[in-house]
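Trainee: I'd like to learn how to read a model like this one, feature by feature. Can we put it on screen and start with burial?

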Amino acid sequence: MKRRPTITDVAARAGVSKSTVSLVLQGSPQVRAETAALVRAAMGEMGYVYNRAAATLRGSSVGLVGLVINDLRNPFFTEFAASLQMALASEGYATVISNSDEDPALQSRLVATMIEHGVDAVVICPAHGDGVATFEPLARAAIPTLQVLRRMDARTDLFPFSSFDYAEGSMEATRHLIGLGARRIAFVGGLDGLSVTQERMAGYSAALAEAGLPPLRVAGPSSRAFGLDAAARLAAEHPDCDGVLCFNDLVALGLLAGLMRAGAAVGDDIRLVGFDDIEDCALSWPQLSSVSCDIAVFARDTAATLLRWLSSGVKPPPERRAPVHLVARASSLGGTK
């Protein structure tokens, strides 16, 4: 990445002294309005961002990493955030963790504040939607930035991306259901048109095609509430459904509750698999089969990659995929009757 513009660069562009630029940054009334406007225009043209915390950080042994997560209410992302924070802390870095709540406008404001406070790097699991207002300031500020779990900016040479091999996971899960005798298998949850949904459906679609079976799609939010509602919808609209692969475990746990309330023998009458293998999967009844994404190991690998980039300038490859595997439990294996 190119060097970040400095006060000296801004001063040269605006044709003023460094001290004048500093006074403008401090909001000093000593600078004429015309001169202040000239300085601010130079900052905008160069992509200069005032680093409030730079002086403090230069005198400190603790660096600062910004972490922006799309949905901290989801245990999958919460575990990632906690594991990454602990791995960075062990190497002397503090982490500022923010929740964008799937709001691109809020996300851009969070990132702008992190840049202003002098973060050394940013790790972002981006919100769905337009990411220009988020990623362009990071590019101008030349801050090392990793996209994780979701890729919203296609410039992976600039913002490397790492995630899991979702397609392989969905293929393994679908083949598992087919091997147990399921023939009308639904993919439930996830919003159509999103890359992460397409990735998680890719292996499902390929495995069905391989077996000569038709797909069955029930799209919707990635929540327990949607999963609960989907149980009634499947019973009413697709009574022949005998297997389900869910977009994530939250949908699967909601679906499990809805099926059990309706008196279905999950694992025997209908076989169910989730995705992510959060802790609740092993604690539910019946226990939920799920595609395991080892998020703690992934977080530690992300921290190591970022620290190597910061310490030695070794930039990560444009894309990395971590392996996944199916953890089969009673919700698909049966034996609960």
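Mentor: A residue is called buried under 20% relative accessible area, exposed over 50% and partly exposed in between, with a 1.4 Å probe and protein chains only. By that cut-off N70 counts as buried because its relative accessible area is 0%. Before we go on: this is a predicted model, where local features need pLDDT of at least 70 and side-chain atom pairs count only at pLDDT 80 or more, while totals for chains, interfaces and linings use all residues. Residues are numbered from 1 along each chain as its sequence is written, and side-chain values use heavy atoms, with hydrogens and water left out.

Trainee: Where is N70, and which residues does N70 touch?

Mentor: Helices (H or I, at least four residues) and strands (E, at least two) are DSSP runs, numbered from the N terminus. N70 sits in the loop between β1 (63-69) and α5. Contact means heavy atoms within 4.5 Å. Leaving out residues up to four places away in sequence, N70 touches F77, N99, S100, D101, E102, C125, P126, A127 and R150.

Trainee: How many aromatic pairs does the structure hold?

Mentor: Rings of Phe, Tyr and Trp (its six-membered ring) pair if their centres lie within 6.5 Å; planes under 30 degrees apart are stacked, over 60 edge-to-face, and the rest tilted. The structure holds eight such pairs. Take F76 and F77: the ring centres are 5.5 Å apart and the planes make 70 degrees, so this pair is edge-to-face. F76 is buried at 3% relative accessible area, and F77 is buried at 10%.

Trainee: What about F80 and F298?

Mentor: Their centres are 5.8 Å apart with planes at 45 degrees, so that pair is tilted. The pair links distant parts of the chain, with F80 in helix α5 (residues 75-89) and F298 in helix α13 (residues 295-312), 218 residues apart. Both F80 and F298 are buried. One aromatic cluster is formed by F76, F77, F80, F164, Y166, F275 and F298.

Trainee: Which rings does the charged end of R200 sit over?

Mentor: A charge sits over a ring if NZ of Lys or CZ of Arg is within 6 Å of the ring centre and within 35 degrees of the ring normal. For R200, one such ring is Y166, with the charged end 4.2 Å from the ring centre. Another is F247, at 5.0 Å.

Trainee: And sheets? What is the strand order in the open sheet of six strands?

Mentor: Strands of a sheet pair through backbone hydrogen bonds, either parallel or antiparallel. Two strands pair if DSSP finds at least two bridges between them. Here the order is β7-β6-β8-β9-β10-β12, with mixed pairing. The edge strands, β7 (216-218) and β12 (325-327), each pair on one side only. Three bridges join β6 (residues 185-188) to β7, and these two strands run parallel. V188 has V218 as its bridge partner in β7.

Trainee: Which strands does helix α10 touch?

Mentor: Axes are lines fitted to C-alpha atoms, for helices over the stretch in contact, and angles run from 0 to 180 degrees between N-to-C directions. Helix α10 (residues 224-237) packs on the sheet, touching β6, β7 and β8 (243-246), and its direction makes about 150 degrees with that of β6.
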